[in-house]
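Please open the structure in your viewer and keep the selection tool at hand.

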Amino acid sequence: MAADMIDILVLPGDGIGPEITAATLAVLRAAAGERLAFTEMAIGEASLAAEGSTLPDAVMTAIPRADGVVLGPVSHYSYPAGQPNPSAALRTGFNLYANVRPCRSRPGLSLLRDPMDLVIVRENTEGFYADRSMYMGPGEFMPDPDSAFAIRKITAPAVRRVARSACEIAMTRRKRLTAVHKANVLKLTDGLFLREVRAVAADYPEIELDEVIVDAAAALLIRDPGRFDVMVTTNMFGDILSDEASELSGSLGLGGSINAGDDICVAQAQHGSAPDIAGQGIANPTSLILSAAMLLDWLGRRRADAALREAAARIEAAVEAILGDPAQRTRDVGGPLGTTDFAVAVVGELA
């Protein structure tokens with residue numbers, strides 16, 4: 001393979017995953033096809049049926065060998081007991097510590113009075129998530145049938161690395177960073193989070209840092225979204241706030257998302273596998289398309305490769321142009337198009 005080729009590992013996933021993945025690959029080929037080589041492997045229900053595992057060892061071996069990964073949504077709630085959730089396993093197994101989710105409002109789609117243009121950077125490997133808080137065993141336990149407890153894990157190294165990622169993003173934007181927390185109640189864990197964010201932000205004197213309690217942040221996203229530029233927060237707070245921001249800006253199906261570590265990046269749609277509409281050709285592929293564009297931009301920045309970054313920008317511009325025309329939107333956001341037709345429209349715009 002030529003040195004300048006980019007090897008993308010494609011994991012279509014469950015439900016609508018194969019449909020929106022096919023649409024995404026069509027767009028990637030149109031934008032940068034001569035540079036991209038795709039290798040597809042099964043995960044989730046498909047690999048469970050074929051190999052007895054929702055995340056085969058061969059997939060985990062292939063991920064660090066690839067230049068990037070496109071991950072379709074998975075139906076992990078329906079997996080048999082003991083089968084891994086591929087999304088969570090990739091995040092923890094490869095230290096994909098930064099979940100990056102831009103949220104931008106669009107005319108005719110946003111529920112907001114004022115425009116939104118922000119990025120939420122969410123710590124991805126610990127926090128309140130029971131599958132990410134222990135070395136062995138679950139992070140939840142029941143000492144008796146009527147009592148249940150959960151462990152929250154916050155560590156200084158994890159906070160520092162996600163805070164640095166957020167600062168790097170803020171330096172490319174309006175140089176404003178908001179640390180979202182609940183230190184008034186979670187004094188130790190969120191106290192540690194704030195301590196480390198402040199220390200990292202001090203290395204970026206051009207950045208203006210402010211701190212907002214999570215419930216106030218949820219309200220301000222509605223009342224005053226222009227207040228925010230880049231937000232950094234812990235795992236569960238970021239999960240909830242990014243879903244809220246995406247819905248306010250138009251739909252959960254319209255926002256891109258990457259899970260990035262030091263050396264590996266996984267493009268992943270913000271939404272789930274929607275098995276109720278799988279196979280009908282009506283799923284909106286926008287989120288995964290924009291996520292794949294973010295992956296190209298991540299690769300372009302790391303490699304100082306202007307062509308990859310230009311391809312990412314062209315995809316984003318094409319998607320925005322298509323979404324700007326109500327007659328070219330998918331059904332979930334008031335348009336007439338199905339999955340394939342939307343991809344065809346984006347490819348046409350690219351051309």
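The stops below each say what to select and what is found there.

**Before starting**

This is a predicted model, in which local features need pLDDT of at least 70 and side-chain atom pairs count only at pLDDT 80 or more, while totals for chains, interfaces and linings use all residues. Residues are numbered from 1 along each chain as its sequence is written, and side-chain values use heavy atoms, with hydrogens and water left out.

**Stop 1: the whole chain**

Select residues 7–346, which an unreviewed UniProt entry lists as "domain: Isopropylmalate dehydrogenase-like"; such annotations may be inferred rather than shown by experiment. Over this range the chain is 40% helix and 18% strand, and its end C-alpha atoms lie 23 Å apart. Helices (H or I, at least four residues) and strands (E, at least two) are DSSP runs, numbered from the N terminus.

Next, colour two selections: domain 1 (1–102 + 251–350) and domain 2 (110–249). These bounds come from an automatic or database domain assignment. The C-alpha centres of domain 1 and domain 2 are 24 Å apart. At the interface, 16 residues of domain 1 are in contact (heavy atoms within 4.5 Å) with 21 residues of domain 2.

**Stop 2: helix H10**

Select residues 306–323, the 18 residues of helix H10. The expected span is 1.5 Å times one less than the number of residues.

Which residues of H10 are buried? They are Leu308, Ala311, Ala312, Ile315, Ala318, Val319, Ile322 and Leu323. They cover an arc of only 130° around the axis, and therefore lie on the same side of H10; the arc is that of the directions from the helix axis to the C-beta atoms. Buried means under 20% relative accessible area, exposed over 50%, and partly exposed in between (1.4 Å probe, protein chains only). Show also strand S1 (6–11) and helices H1 (17–32), H9 (286–303) and H11 (339–350), which are among the elements covering these buried residues.

Now select Arg314, which is placed in H10 and is partly exposed because its relative accessibility is 30%. Arg314 touches Ala31 and Leu350, not counting residues up to four places away in sequence. Arg314 and Leu350 are 36 residues apart in sequence, yet their C-alpha atoms are 6.8 Å apart. A polar atom of the Arg314 side chain lies 3.0 Å from the backbone oxygen of Leu350. A polar contact is a pair of N or O atoms within 3.5 Å; within protein, one must be able to donate a hydrogen and the other to accept it, and residues adjacent in sequence count only if both atoms are side-chain atoms.

**Stop 3: the start of H10**

Select Asp305, which caps the N-terminal end of H10 with a side-chain oxygen 3.1 Å from the backbone nitrogen of Ala307. Then select Ala304, in the loop between H9 and H10. Ala304 has a phi near 50°, a positive value in a residue other than glycine, and counts as exposed at 73% relative accessibility.

**Stop 4: Ser105**

Finally, select Ser105, in the loop between strand S4 (98–104) and strand S5 (117–123). Is Ser105 buried or exposed? Ser105 is buried, since its relative accessible area is 16%. Leaving aside neighbours within four places in sequence, Ser105 is in contact with Ser110, Pro115, Met116 and Ser249. A polar atom of the Ser105 side chain lies 2.8 Å from the backbone nitrogen of Met116.
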